[in-house]
Amino acid sequence: LIIYDNYFFGQMKYNDDFGNWYSNIFLKQYPRPPRNDSPITNTESMRYGFDLVKDERYTNEVEFSLDEFVDYLITLTNITTVLEKNPNKLSEIKNWLRGELAKYFQNSRKILIFGGYIWYFFSI
C-alpha cells in the first residue's frame, strides 16, 4: 500500500516575497480549516495489518499562468469552505486573488513549489 499527498508549499521559485504574501495575506484572509495532520505511525498501521517500511518527502515544481493559479487556489479548502457557505462570493474571491497576484505574475508564467510525503506499507 502506498499513501501520498501533494500540496502547495506557498512558495514561488525565484520570488521570496511571494511566500510572505501567501503566509501573511492569503492565509490570514482564507485560513486553513482545522484538520488532523498527524502522520501515520508504524504502531497504528500494524493495528490494520500493515508495516510502515519507508517514508519520504519530496518537492515538485508546477508552472502556472495567473488565471491557472487563481483557478487552482479556489479549489483549496481554505476557499471552498467559504464558497460552501456563500457560493455567490466566487467572482469576488477570484477578482481579489487576481488583484493580489498580478504583481507576482506580471503577465508571465511562474513556477510554484509543491510537494508532500509518500508512505510505503507492506501487508503483514
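**Close-up views of helix packing**

**View 1. Helices α3 and α5 are oblique to each other**. In this predicted model, the axes of α3 (residues 66-73) and α5 (residues 90-105) come within 10 Å and cross at roughly 135 degrees; axes are lines fitted to C-alpha atoms, for helices over the stretch in contact, and angles run from 0 to 180 degrees between N-to-C directions. Angles under 35 degrees count as roughly parallel, over 145 as roughly antiparallel, 65 to 115 as roughly perpendicular, and the rest as oblique. Look for L66, D67, F69, V70, D71 and L73 of α3, which meet K94, L97, R98, L101, A102 and F105 of α5 (contact means heavy atoms within 4.5 Å). Sorted by class, this contact has eight nonpolar, no polar and four charged residues.

**View 2. Helices α1 and α5 are roughly antiparallel to each other**. Here the axes of α1 and α5 lie 11 Å apart, and the packing angle is about 170 degrees. On the α1 side, the contact is made by D17, F18, W21, I25, F26 and Q29, and α5 brings W96, L97, E100, L101 and Y104. Eight nonpolar, one polar and two charged residues make up this contact of α1 with α5.

**View 3. Helix α4 (residues 77-85) has N78, I79 and L83 buried**. These three cover an arc of only 120 degrees around the axis, so they sit on the same side of α4; the arc is that of the directions from the helix axis to the C-beta atoms. An α-helix has 3.6 residues a turn, so residues three or four places apart point the same way. The cover over the buried residues of α4 includes α1 (16-29), α3 and α5. Turn to the face away from the buried side and you will find the exposed residues E84 and K85. Buried means under 20% relative accessible area, exposed over 50%, and partly exposed in between (1.4 Å probe, protein chains only).

View 4. T77 and P33 are 44 residues apart along the chain, yet their C-alpha atoms are separated by 6.9 Å. With a relative accessible area of 34%, T77 is partly exposed.

**Notes for all views.** Residues are numbered from 1 along each chain as its sequence is written, and side-chain values use heavy atoms, with hydrogens and water left out. Because this is a predicted model, local features need pLDDT of at least 70 and side-chain atom pairs count only at pLDDT 80 or more, while totals for chains, interfaces and linings use all residues.

Note on methods: Helices (H or I, at least four residues) and strands (E, at least two) are DSSP runs, numbered from the N terminus. Ala, Val, Leu, Ile, Met, Phe, Trp, Tyr, Cys and Pro count as nonpolar, Asp, Glu, Lys and Arg as charged, and the others, Gly among them, as polar.
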